[in-house]
Amino acid sequence: MNQTVLNGRVAIVTGVSRRIGIGFAIAKRLASLGADILVHSFAPYDALQPWGADQNGVDSIIKDLRAYGRRVEHLEADFNKPNAPQQVVAAAVRAFGHVDVLVVNHAYGGMGKLEELTADEIDLHLQINIRASLLLVKEFAAQHDGRAGGRVVLLTSGQHLEPMVGELAYVASKGALHQLTLSLSAHLAARRITVNTVNPGATDTGYASAELHDEVLVLEPQGRWGQPDDAARLIAWLATDDACWITGQVINSTGGGP
């Protein structure tokens, strides 16, 4: 792809805190195509997970992104707080004047079968994965002035392709984004903003145990797990002018697997 196709465009990518993550792969792809970027992170979340925070910290991630020669800004924000989405978009507008592309990559994920669910855990999923995502889209749309190139890309999961009985709150939150896609796209189409959602499938971002890794591998027709750049290539393309006629779609980037 032409390395200048996103020259003059500005993107927000949420959930960019680990080099092995999908968010970093997306930000790299967008920067390599010429976009300036505000990256959002919330490292305290990763620090509490089994995989941990990035070993070298977010500052080194920003340094790597700036090596593409683009302007890169950063804001850490906790999307469990209602005003965080407005703060993220406002920071991007202050830095760049306008935002063309919003990639909602962040997610809160916890395990929990029906018998294990608590009200607090359900609320965390809904607040971070649904409320924050909707408010990010709202704030992004409010600052968009109707110029060509408006893009929203949400990320969902595979709950519509196979049961995920051990992640019910996560399923509820990611399923909501899936179902919002068509309505958001219809609402924003006249303002030259497309809205699409990507299911990246099973992606090797370091979260899976050795046992889970092998279980999933058996189900993968291409004989491998997805890599972060597999989803990032698609999402970066959706941000380009070539994808201007694609909107309201939920795209499964799963290598043929579930």
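Select Val39 to begin. Leaving aside residues up to four places away in sequence, Val39 touches Val13, Val16, Ala27, Ile62, Leu65, Val72, Glu73, His74 and Leu75; contact means heavy atoms within 4.5 Å. The model is predicted, so local features need pLDDT of at least 70 and side-chain atom pairs count only at pLDDT 80 or more, while totals for chains, interfaces and linings use all residues. Numbering starts from 1 along each chain as its sequence is written, and side-chain values use heavy atoms, with hydrogens and water left out.

Next, select Ile26, Leu30, Val39, Val103 and Ile235. These have the most contacts inside the largest nonpolar core, which has 34 residues. Such a core is a set of buried Ala, Val, Leu, Ile, Met, Phe, Trp, Tyr and Cys residues joined through side-chain atoms within 4.5 Å; buried means under 20% relative accessible area, with a 1.4 Å probe and protein chains only. Elements giving two or more residues to this core include α1 (22-32), β2 (36-41) and α8 (228-238). Helix α1 gives the most, with seven residues. Helices (H or I, at least four residues) and strands (E, at least two) are DSSP runs, numbered from the N terminus. Apart from this core lies another, of 28 residues, among them Val10, Ile12, Val137 and Leu154.

Now show the strands. Seven of them form an open sheet in the order β3-β2-β1-β4-β5-β6-β7, with parallel pairing; two strands pair if DSSP finds at least two bridges between them. At the edges are β3 (72-76) and β7 (250-252), each pairing on one side only.

Move to β5, where six of six residues are buried. Gly150, Val152 and Leu154 point one way from β5, and Arg151, Val153 and Leu155 the other way. Four bridges pair β5 with β4 in the parallel sense, and Val103 stands opposite Val153. The chain crosses from β4 through α5 to β5 in a right-handed β-α-β crossover: with the strands pointing away from the viewer, the path from the first strand over the helix to the second runs clockwise.

On to β6 (193-199). Six bridges join β5 to β6, and Leu155 has Val198 as its bridge partner.

Finish with helix α4 (84-96), which lies across β1, β2 and β3 and runs at about 155° to β2. Axes are lines fitted to C-alpha atoms, for helices over the stretch in contact, and angles run from 0 to 180 degrees between N-to-C directions.

Notes: Buried < 20%, exposed > 50% of the residue type's maximum accessible area, 1.4 Å probe, protein only.
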